Amino acid sequence: MSNFVVLIPARLSSSRLPNKALADIHGKPMVVRVAERARLSKASNVVVATDHIDIQAACEAHGIKAVLTGTDHESGTTRLAEAATILNLADNDCVVNVQGDEPLIEPELINAVATQLQQSSAPMATAAHLLTDYADFIDANCVKVVLNSQHNALYFSRACIPWPRDLMRSGTEVLPKDIPVYRHIGIYGYRVQFLHQYSGLTPSPLEQAESLEQLRVLWHGFNIAVQITSHAPAAGVDTLTDLERVRASWLDTYK
């Protein structure tokens, strides 16, 4: 595996959980816990890209490098493009985007996405796992992805894809056995050149309809390589209930 850098976008503002990035998880801010998990990967460097000096100060107090980016970014992806410029990363460098609200992220998943990117000709990579639960299949909060024969994404959707017509007509609430159904995992790898290119791509109607920014990439004709993992990662933190779950899990897993 060649060198890669983990960049962690972290905003102070959060509508469902104010100051989420600084939420305490057994003595350290959540974003610091994320960075510590990322440091267990094979990344050559782990850097937080934030919009607020309080997050930068909290990271640096725990020995985590953090760069201050603009406050007007539309997404974590454009924030990382600015961070890549600040860090003087080369166009052919590889970056893995680890969300700042994923304190239970598995280092092995980070490595796998980096490897998938480096071994592919695609400018971007992500991950997915096999779905086995029909309830998840029909859940609009569970994003599905369909792949081609090269393990590149054909489409991402909140809808039920692929749609097994005959099985669904039968009314049986089971998933097909002859075709895989994959759930998308929100971790991304990019070549730095494409990070900058993404910032100049216009939003797509599909992206806006589904509220899935990765559809902008497919809309403009770029490939996204998909790494298939054997199991679902732990869920991130969006609400206070999620935070309490992570705090409990942290004690069980990492104490």
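The lining of the largest cavity is made up of five nonpolar, two polar and one charged residues (Ala, Val, Leu, Ile, Met, Phe, Trp, Tyr, Cys and Pro count as nonpolar, Asp, Glu, Lys and Arg as charged, and the others, Gly among them, as polar). The model is predicted, so local features need pLDDT of at least 70 and side-chain atom pairs pLDDT 80 or more, while totals for chains, interfaces and linings use all residues. Residues are numbered from 1 along each chain as its sequence is written, and side-chain values rest on heavy atoms, with hydrogens and water left out.

A cavity here is a set of points on a 1 Å grid over the protein atoms alone where a 1.4 Å probe fits but cannot get out, and its lining residues have an atom within 4 Å of a point. One cavity of 30 Å³ or more is counted, and the largest cavity holds about 30 Å³ of space. Lining this cavity are T77, M124, Y188, Y190, Y198, E213, Q214 and V217. At least two lining residues come from each of β10 (182-191) and α9 (214-219); helices (H or I, at least four residues) and strands (E, at least two) are DSSP runs, numbered from the N terminus.

Turning to the aromatic rings, the structure holds three aromatic pairs. The ring centres of Y134 and F137 are 6.3 Å apart and the planes lie at 55°, so this pair is tilted (rings of Phe, Tyr and Trp, its six-membered ring, pair if their centres lie within 6.5 Å; planes under 30 degrees apart are stacked, over 60 edge-to-face and the rest tilted). Y134 and F137 sit three residues apart in helix α5 (residues 134-137), a separation of about one helical turn. Y134 is buried, at 16% relative accessible area, and F137 is buried at 0% (buried means under 20%, exposed over 50% and partly exposed in between, with a 1.4 Å probe and protein chains only).

Methods. 1 Å grid on protein atoms, 1.4 Å probe; cavity = no way out; pocket = protein on both sides within 12 Å on 5 of 7 lines; lining within 4 Å. Points joined across faces, edges and corners; volume = space filled by probe spheres on them.
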